[in-house]
Amino acid sequence: MPYITTEDGTNLYCTDWGSGRPVVLLGTGVMSSRVWEFQASYLTERGLRCVSYDRRGCGRSDWPWSGYDYDTLAGDLAAVLDGLDLREVALVGCGVGAGEAVRHLSRYGADRIDRLVLISPTTPFMMRTDDNPDGIDVALLDAMAATIDADRPRWAAGLAAPFFGGPGAGPEDLPVSPELARWMADLALDSSPRATQEIYRTLFTTDQRAETAEVTVPTLVIHGEADLAAPVELCGARTAGLMANSSFIRYEGAAHGLFATHADRLNKDILSFLSG
């Protein structure tokens, strides 16, 4: 069975394709590793070994009650890297996956990691505080939590427009098909309600400014300029600005779900960075 068992006994569903230099793909939010469909095939066909896994509480992995903080999620990543004995790894993290990658480097070092790609990252700190006045009011998180509690399927269906279309986009304006948007909503629902609440709380409230600034491996940050889920100036631009060894690419007019809306361009940018 394609499972890796973590330190606390949680079983993570893992996909391991191809051979060559390993690339570990860390997905966004509570969607399973199936979101990497457009990237995993492309990179594997070009001589890379692509490893992805369903985050705890999501998809085909176990759905425990606890463990949705960054320390535990970073430990889960360490279990995958150790279990498969992966070295000279390129980590590719999208959304909350960026926070996982940064925490992993902070806790475990870069012995196994030599490159980092952050796509639509939620780092370094999203929540508004006295020393982060440009952040997002916690009331937005509380409102989302109430919506999830009341009607999680409706919440998931409502993700499509801001996730793929940016400000003012309606269902008819999306740069993806209705079928793909519905599939992504289904992936978001294939997770435990507890994981949904806690993972979003973790990515929203965790201050990673100090540990982001400590990342030294070569890093590529890619962010859409119309991202509503993780605003580009608050997240992508600040993340790249904190890292001494980073480059930053903005996708004009793009929202959060670059892995689907801009798959061709994203794939080429990732491959170019990993080959450089």
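W36, F163, F164 and F259 are linked into a cluster by ring pairs; rings of Phe, Tyr and Trp (its six-membered ring) pair if their centres lie within 6.5 Å. The structure is a predicted model, in which local features need pLDDT of at least 70 and side-chain atom pairs count only at pLDDT 80 or more, while totals for chains, interfaces and linings use all residues. Residues are numbered from 1 along each chain as its sequence is written, and side-chain values use heavy atoms, with hydrogens and water left out.

The protein chain contains 12 helices and eight strands. Helices (H or I, at least four residues) and strands (E, at least two) are DSSP runs, numbered from the N terminus. The radius of gyration is 17 Å, close to the 19 Å given by the globule rule for 276 residues, so the protein chain is as compact as a globular protein of that length. The radius is taken over C-alpha atoms, and the globule rule is 2.2 Å times the number of residues to the power 0.38. Along the principal axes, the C-alpha atoms fill a box of roughly 40 × 40 × 40 Å.

Of the 276 residues in the protein chain, 56% are buried. Buried means under 20% relative accessible area, exposed means over 50%, and partly exposed lies in between (1.4 Å probe, protein chains only). The protein chain exposes about 11200 Å², and carbon and sulfur atoms supply 50% of this area. Accessible areas come from the Shrake-Rupley method with a 1.4 Å probe; for residues, only the protein chains shown count as cover. Among contacts (heavy atoms within 4.5 Å) between residues at least 6 apart in sequence, 79% join residues at least 24 apart. The protein chain has 23 positive and 38 negative side chains, and the centres of the two sets lie 2 Å apart. Lys and Arg count as positive and Asp and Glu as negative, whereas His and the chain ends are not counted. The place of a charge is taken as NZ of Lys, CZ of Arg, CG of Asp or CD of Glu.

A pair of aromatic rings is described by the distance of the centres and the angle of the planes. Planes under 30 degrees apart count as stacked, over 60 as edge-to-face and the rest as tilted. By the pairing rule the count comes to five aromatic pairs. One of them is formed by Y3 and Y13, which are edge-to-face at 5.5 Å centre to centre, with 80° between the planes. Y3 lies in strand β1 (residues 3-5) and Y13 in strand β2 (residues 11-17), so the pair ties together parts that are 10 residues apart in sequence. Y3 counts as partly exposed, at 31% relative accessibility. F163 and F164 also form an edge-to-face pair, with 5.1 Å centre to centre and 85° between the planes. F163 is buried, with a relative accessible area of 10%, and F164 is buried at 3% relative accessibility.

Helix α1 (residues 37-44) has Q39, A40, Y42 and L43 buried. The buried residues of this helix pack against β2, β3 (22-26), β4, α11 (258-261) and α12 (263-275). Y53 is found in strand β4 (residues 49-53) and counts as buried, at 6% relative accessibility. Leaving aside neighbours within four places in sequence, the contacts of Y53 include Y13, L26, S33, D76 and V80. The C-alpha atoms of Y53 and P193 are separated by 19 Å, and these residues are 140 residues apart along the chain.

The loop between β6 (113-119) and α4 (138-150) holds N132, which is buried at 3% relative accessibility. Residues up to four places away in sequence not counted, N132 touches F125, M126, M127, R209, L234 and R238. P124 is placed in the loop between β6 and α4, and the peptide bond from T123 to P124 is cis, with omega near 0°.

Most residues other than glycine have a negative phi, and most peptide bonds are trans. D85, although not a glycine, has a positive phi of about 50°. D85 is found in the loop between α2 (70-83) and β5 (89-94) and is partly exposed at 44% relative accessibility. E88, also not a glycine, has a positive phi of about 50°. E88 lies in the loop between α2 and β5 and counts as exposed, at 56% relative accessibility.
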